[in-house]
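Dear colleague,

Please find below the structure that I am handing over to you. My notes on what was found in it follow directly after.

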Amino acid sequence: MRPSRSFDFVEDATLSQTTVRAPARGSKAWLRFAWVLGPGLMAMMADTDVGSIVTAAQSGVRWGYALLPLQILLIPVLYIVQELTVRLGLTTGCGHGELICTYCGRKWGWVSVSGLTIAVLGAMVTEFSGIAGVGELLGVPRAVSLSLAVLFLLAVVWAGSYRHVERVVLGLGLFELVFVWTATSARPGAEAIRAMAGAWHSMDFRYLVAANIGAVIMPWMIFFQQSAVVDKGLKPEHLRAARWDTAIGAVVTQVIMAAVLMTAALSASSPRAAAALGTMRGMAQILVPQLGPRWGRIVFAAGISGAALVALLVTALAAAWGLGEMTGYKRSLEHTPRQAPWFYGVYALAVVGAAALVARVTDLVALNVAVEVMNALLLPLVLGLLVYLAARVLPAPHRLRGVQLHTAVIVCTLTSAIGVWCGLSSLL
């Protein structure tokens, strides 16, 4: 099927008056690099969401440092996947769903967007469960904490622009770094690798392997980052800086995941912490050995709240962009709500709907890990379509071929196979 539009990068005429311009070519290199930074960091900070933090904490408390090597191994995998997303967005000027619809047909487009919708719904429910749990941990009624979160999320997007949303997301993401601070006293050694090698016989271990893979490679990240680089107005000439943006984000998000795991592993010797992982109040106990009851709650609440709000912004936007790519409605943060009512309406519906669902159910900590396993089971579809597009759609200078193509196929196939096998074998 031929593309429905030229894939030479041409800025959308409807955005030409509002899109923030890149610094001129004569500007200092660091200034141009700083301008490009954002989409990758946003996607990666959202990757370390409530479900990911809970999964890493569960891994540390139950298996010590045994799953720490997996966090390191997933850094290049995460980079390879998201770099392909960036390459597609910069060189085609199209979102991920639009490319699937054009080159694979509308049937596959709707299949992909349906998978995105399921992943987004699961993610948003877990994020709001984190907000509600933190509120209850601090003595704030669930209805109040959820309402404040909804109002904040609507205000940030409805009253801003792409650059405004980017600054808010990156600012909130800084709260996640508190877990790096709490992990400084951990001393994992070579025994972590030996422990990982000897634990595969356990169904619980394999379940957490699948959950950790699903917590790192998420379907909505691909849709979000590709649409974000397009909405920001990045061009093929920004590819090198965008790759660094993605690489830095991949390292940062996995450092945070590893830090949460190590912090939890430190508390594994505490029966109180290990036995109370079913609620957010119980999860906060992983910080008690390092910080004490009071500061443990405060630091945990800050980290979880920052992670949840970042992920909620990113996932809801991914859904609004992805659905717009299939239906054709206007979809840009550079439009006002009056100019793009469906885009902002879908965003608002996702936010309000997920919050309302969480308001009516009990604590959902157990669901967090299950959602990550679901993400792992979706990997063959998500990564298969991504590699196919990178091998078929990209212009010749950027197309996957030779060693790059073989590497991408091997990495994505192994990651998908391990995630699906661990997920299914632990459930059956």
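In helix α5, the residues H96, G97, E98, L99, I100, C101, T102 and Y103 are buried, where buried means under 20% relative accessible area, exposed over 50%, and partly exposed in between (1.4 Å probe, protein chains only). Helix α5 covers residues 96-104 and is mostly covered, with eight of its nine residues buried. Just after α5, G105 adopts a positive phi of about 100°. Helices (H or I, at least four residues) and strands (E, at least two) are DSSP runs, numbered from the N terminus.

Please note that this is a predicted model, in which local features need pLDDT of at least 70 and side-chain atom pairs count only at pLDDT 80 or more, while totals for chains, interfaces and linings use all residues. Residues are numbered from 1 along each chain as its sequence is written, and side-chain values use heavy atoms, with hydrogens and water left out.

The chain as a whole

The secondary structure amounts to 20 helices and zero strands. Of the 428 residues in the chain, 58% are buried. A contact means heavy atoms within 4.5 Å; among the contacts in the chain with a separation of 6 or more, 86% are between residues 24 or more positions apart. The chain exposes about 16,800 Å², of which carbon and sulfur atoms supply 67%; accessible areas come from the Shrake-Rupley method with a 1.4 Å probe, and for residues only the protein chains shown count as cover.

Helix α16

T315 is buried, with a relative accessible area of 0%. Leaving aside residues up to four places away in sequence, T315 touches V120, A123, M124 and W220.

E325 is also found in helix α16. A salt bridge is a side-chain nitrogen of Lys or Arg within 4 Å of a carboxyl oxygen of Asp or Glu.

E325 does have polar partners. A polar contact of 2.7 Å joins its side chain to that of S227, and the side chain of E325 also reaches the backbone nitrogen of E98 at 3.5 Å. A polar contact is a pair of N or O atoms within 3.5 Å; within protein, one must be able to donate a hydrogen and the other to accept it, and residues adjacent in sequence count only if both atoms are side-chain atoms. Not counting residues up to four places away in sequence, E325 touches G95, H96, G97, E98, F223, S227 and R331. Of these, H96, G97 and E98 are among the buried residues of α5.

Salt bridges

How many salt bridges does the structure hold? There are five. One of them is formed by R62 and D204, whose closest N and O atoms are 3.1 Å apart. This pair links distant parts of the chain, with R62 in helix α3 (residues 50-63) and D204 in helix α11 (residues 203-216), 142 residues apart. R62 counts as partly exposed at 45% relative accessibility, and D204 is partly exposed at 27%.

R87 forms a salt bridge with E83, the closest N and O atoms lying 2.8 Å apart. Both residues belong to helix α4 (residues 68-92) and are four residues apart, about one turn of the helix. R87 and E83 are buried.

E166 and K232 also meet through their side chains in a salt bridge (3.2 Å, N to O). This pair joins distant parts of the chain, E166 in helix α8 and K232 in helix α12, 66 residues apart. E166 is buried at a relative accessible area of 4%, and K232 is buried at 3%. Elsewhere, salt bridges that share partners join E83, R87 and R243 into one network.

In α8, the buried residues include Y162, R163, V165 and E166. The 12 residues of this helix (residues 162-173) should span 16 Å at 1.5 Å a residue, and the end C-alpha atoms are 16 Å apart, which agrees; the expected span is 1.5 Å times one less than the number of residues.

Finally, P236 lies in the loop between α12 (219-232) and α13 (239-266). P236 is partly exposed, with a relative accessible area of 32%. P236 and T92 are 144 residues apart in sequence, and their C-alpha atoms are 8.9 Å apart in space.

With kind regards
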